[in-house]
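Hi,

Here is the structure I promised to pass on.

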Amino acid sequence: MSTTLPTAPTPLTTQDAEILITAARRAAEAAGVTVSVTVLDAGGHLLAFRRDDRAVLISGETSTRKAYTALQLNAPTADLVDLVKPDGPFHSLPTALDKPLLFIAGGIPVHRDGRPIGAIGVGGGAPEQDHGFAAAALAELAR
């Protein structure tokens, strides 16, 4: 009797990453917001990064941490914010681990065939805006 192992989804490519970055920046530009965009592969390694010329410098760090958090927890960071508040079930998580986690909206995991293959993080706007820009990028990639 032979068993067939499930095939891994196609990894996130540099071409995919460029689509994500371009789409997120286009959405931010339409809203008049300057941003940084980070795309990580499934292992949490940097695949692509872009910071608008006038984006606040810290947005580069926040976009990367948002992407990392979304990837590690396989959830949009917008869905995690309440979980780490003082009365939330994971209130100690941000300080318990020596990892660059950031629980602010703007990070979303990227899935293919129902499995995580990377993440996008956007920083520079209000958290809700950053989440919207990342979601717009995922919608573009899904086309």
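Predicted model: local features only at pLDDT ≥ 70, side-chain atom pairs only at ≥ 80, totals over all residues.

Let's begin with the inside. The largest nonpolar core has 22 residues, and the members that touch the most others are Leu20, Val39, Ile120 and Val122. Five elements each supply at least two residues of this core: helix 1 (14-30), strand 1 (36-41), strand 3 (107-112), strand 4 (115-123) and helix 4 (127-142). Helix 1 gives the largest share, six residues. There is also a second, separate core of eleven residues, with Leu40, Ala70, Val84 and Leu101 among them. As background, nonpolar side chains in soluble globular proteins tend to be buried together.

Neighbours within four places in sequence aside, Val122 is in contact with Ala24, Val35, Ser36, Val37, Ser63, Lys66, Gly106, Asp130, Phe133 and Ala134.

Next, the helix pair. Helix 1 and helix 4 pack with their axes 8 Å apart, at an angle of about 135°. That angle makes helix 1 oblique to helix 4, and the crossing of the two is right-handed. On the helix 1 side, the residues that meet helix 4 are Asp16, Ile19, Leu20, Ala23, Ala24, Ala27 and Ala28. Helix 4 answers with Phe133, Ala136, Ala137, Leu138, Glu140 and Leu141. Sorted by class, this contact has eleven nonpolar residues, two charged ones and no polar ones.

Now for the two single residues. Is Gly107 buried or exposed? Gly107 lies in strand 3 and counts as buried, because its relative accessible area is 0%, under the 20% cut-off. Leaving out neighbours within four places in sequence, Gly107 is in contact with Lys66, Ala67, Ala70, Ala75, Pro76, Thr77, Ile120 and Gly121. Gly107 and Ala78 are 29 residues apart in sequence, and their C-alpha atoms are 7.4 Å apart in space.

Leu5 sits in the segment before helix 1. Its relative accessible area is 69%, so Leu5 is exposed; the cut-off for that is over 50%. From Leu5 to Asp113 it is 108 residues in sequence and 15 Å in space, C-alpha to C-alpha.

That's what I have so far. Happy to go through any of it with you.

Cheers

How values were computed
Residues numbered from 1 in each chain as written. Heavy atoms only, no water. Core = buried A, V, L, I, M, F, W, Y, C linked by side-chain atoms within 4.5 Å. Buried < 20%, exposed > 50% of the residue type's maximum accessible area, 1.4 Å probe, protein only. Helix = DSSP H or I, 4+ residues; strand = E, 2+ residues; numbered from the N terminus. Contact = heavy atoms within 4.5 Å. Axes fitted to C-alpha atoms, helices over the stretch in contact; angles between N-to-C directions. Parallel < 35°, antiparallel > 145°, perpendicular 65-115°, else oblique. Left-handed = near helix turned anticlockwise from the far one by under 90°. Nonpolar A, V, L, I, M, F, W, Y, C, P; charged D, E, K, R; others polar.
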